[in-house]
Amino acid sequence: MTDVDEAITRAHHEEWARVVASLTRRFGDLDIAEDAAAEAFAVAVERWPLDGVPPNPGAWLTTTANRRAIDRIRRESKRDDKQKEAVAMHDDTPHEPLGAIEDDRLRLLFTCCHPALAPEARIALTLRMVGGLTVPEIAKAFLVQETTMGQRITRAKNKIKAAHIPYRVPEAADLPERVSGVLAVLFLVFNEGYLSSGDHENAVRSDLTLEAIRLTRLVRALLPDDGEVAGLLALMLLIEARRTARVSATGELVRLDEQDRGSWDLALIAEGHALVRERLAVVANGGPGPGRYQILAAINAVHTSVRDARDTDWSQIVALYDQMIRVDASPIVRLNRAIAVAELDGPEVALAEIDRLDLDDYHAFHATRADLLRRLGRSGESRAAYDRAIELAENAAEVALLTRRRDQLGRI
Amino acid sequence: MVQYLMSVWGSEEDLEKPFGGYESEEQMQASFAATGAFNQKLMDQGYFVFANGLDSPKTATVVDGTGDKPVYTDGPYTEAKEFIGGFWVIDVPNLDVALELAAEGSAACLGKVEVRPMHGVE
């Protein structure tokens with residue numbers, strides 16, 4: 001990659017959302033902003049190798065995109081009043097940077113993750129408008145047809161326009177809930193990449209975890225005092241740190257206790273731990289209690305703080321799950337707590353707890369039962385549970401692990 | 001400002017029950033009072049354009065005036081099980097305000113509310 005290519009890639013990562021966001025505010029139209037931003041980057045690809053990289057790539061891109069947008073509006077005979085007004089008001093002086101909460105990228109994010117949009121539309125729109133991924137890239141990552149993904153994004157943009165979804169940061173009273181909506185979108189993007197990372201045919205999907213981390217870093221920069229934002233970033237970093245250790249060379253899922261801890265990414269773990277410590281300090285100083293992401297990050301911090309799985313502090317993990325149950329008493333949280341209980345109090349106690357849960361359609365429930373039954377020497381029941389787990393599991397690497405575990409039963 | 005139609009949806013079945021889908025006379029009266037208070041609030045805030053409840057779809061007549069002579073048909077336009085039982089037209093700054101009001105209206109009238117933007121008169 002040449003220096004210019006690198007500069008363009010970096011500018012795309014750092015400036016895309018800013019360009020789209022500022023144009024959306026100026027022209028009141030996501031479509032115009034998206035197209036003009038894409039054109040500005042195309043011009044950069046053409047011009048920068050010849051003219052050199054401009055000293056301030058962001059300002060150059062914004063100015064170029066603005067000119068393109070105005071050209072388009074002038075070209076089109078049909079204009080609505082807002083656009084006419086925007087052209088009339090337009091000047092070339094750069095937009096003054098405002099406080100973090102006023103950042104246009106936050107408005108863009110809240111608009112793309114608006115609760116009036118369908119969840120899959122929020123994800124697609126966020127990746128396109130904020131992340132700068134192309135429609136073919138998003139379609140490929142989510143294994144849908146390009147035309148389907150294109151329509152999904154167009155429909156969402158049309159709804160934003162027709163239903164007048166506002167381009168603004170929500171009022172203080174609505175902010176926590178709307179931030180949690182944004183975080184849910186980012187976590188879905190992350191999980192889509194993470195949970196399918198074992199599927200080698202879809203290597204592109206692991207890019208989704210990196211994209212989710214990049215966008216969460218952006219939200220963190222914009223909302224530095226939000227504990228759940230910090231928690232989600234820490235959680236993603238601590239999971240991402242184990243990515244290469246999580247799938248074996250033969251494409252099989254490797255459980256946490258069997259992973260080669262030497263291959264974990266220590267820099268990501270250190271960053272995740274620092275965020276968790278930062279939040280613990282805030283809570284210790286009387287700040288608001290931790291939400292789900294902060295607790296999940298803390299659990300992952302406990303796991304990643306020992307070099308040997310046998311040294312894991314299970315009592316602390318159970319205590320954190322108890323805290324988690326107070327935030328979210330769902331059966332899935334109880335299932336995860338029971339897995340920790342098995343290490344602390346033995347498989348029998350854990351099995352009694354999970355047999356009370358109504359999770360018959362969830363593969364991890366059957367996989368956990370199978371494992372506990374195996375440890376209790378109840379091979380027949382264990383085999384049946386593995387069968388059910390394999391039937392329900394969707395991830396190829398996980399199916400490979402479950403199948404091997406099941407097939408080992410007979411040889412014991 | 002944008003105008004939205006907030007429509008309340010119910011079923012024919014509910015309408016035929018003794019209290020029109022409400023659990024009791026008391027609940028029905030309480031809901032009417034809450035809806036009245038909500039309407040008053042909309043007026044005070046300057047958001048109210050119009051609101052009313054609709055009679056049963058059985059009382060509807062479909063008129064087709066696209067041909068030479070109008071054709072009159074007894075009954076509603078569609079055979080759907082769910083139908084609009086009442087509606088508001090509000091005039092508010094954006095969808096966030098409309099959604100917040102719809103939540104209040106839904107709680108008052110004890111029914112689900114659909115929020116739909118109306119074409120602007122720009």
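A residue is called buried when its relative accessible area is under 20%, exposed when over 50%, and partly exposed in between (1.4 Å probe, protein chains only). Thr304(A) is buried, with a relative accessible area of 7%. This is a predicted model: local features need pLDDT of at least 70, side-chain atom pairs count only at pLDDT 80 or more, and totals for chains, interfaces and linings use all residues. Residues are numbered from 1 along each chain as its sequence is written, chains are lettered from A and ligands numbered from 1 in the order in which they are written, and side-chain values use heavy atoms, with hydrogens and water left out.

Stay with Thr304(A). Thr304(A) lies in helix α14 of chain A, residues 292–304. Helices (H or I, at least four residues) and strands (E, at least two) are DSSP runs, numbered from the N terminus. What does Thr304(A) touch, not counting residues up to four places away in sequence? The list is Leu238(A), Arg242(A), Trp264(A), Ile269(A) and His273(A). Contact here means heavy atoms within 4.5 Å. The side chains of Thr304(A) and His273(A) are also joined by a polar contact of 2.8 Å. A polar contact is a pair of N or O atoms within 3.5 Å; within protein, one must be able to donate a hydrogen and the other to accept it, and residues adjacent in sequence count only if both atoms are side-chain atoms.

Now find helix α11 of chain A, residues 227–240. Its 14 residues reach 20 Å from first C-alpha to last, close to the 20 Å expected at 1.5 Å a residue. The expected span is 1.5 Å times one less than the number of residues. Is α11(A) largely enclosed or open? 14 of its 14 residues are buried, so the rest of the structure largely encloses α11(A). At its start, a side-chain oxygen of Asp226(A) comes within 2.9 Å of the backbone nitrogen of Glu228(A).

Next come the charges. Side chains of opposite charge can pair when their charged atoms come close. A salt bridge is a side-chain nitrogen of Lys or Arg within 4 Å of a carboxyl oxygen of Asp or Glu. Over all chains the count is 40. In one of them, the closest N and O atoms of Glu34(A) and Lys157(A) are 2.4 Å apart. Glu34(A) lies in helix α2 and Lys157(A) in helix α8, so the pair ties together parts that are 123 residues apart in sequence. Both residues are buried.

Another salt bridge joins Arg255(A) to Asp371(A), at 3.4 Å between the closest N and O atoms. Arg255(A) sits in the loop between α12 and α13 and Asp371(A) in helix α18, so this pair ties together parts that are 116 residues apart in sequence. Arg255(A) is partly exposed at 26%, whereas Asp371(A) is buried at 7%.

Finally, look where chain B meets chain A. The contact takes 9 residues from chain B and 11 residues from chain A. About 770 Å² is buried between them, with carbon and sulfur atoms giving 55%. Buried area is the accessible area (1.4 Å probe) that two parts lose on being put together, summed over both. Between these chains the count is 2 salt bridges. One of them links Asp96(B) and Arg168(A), at 2.9 Å from N to O.
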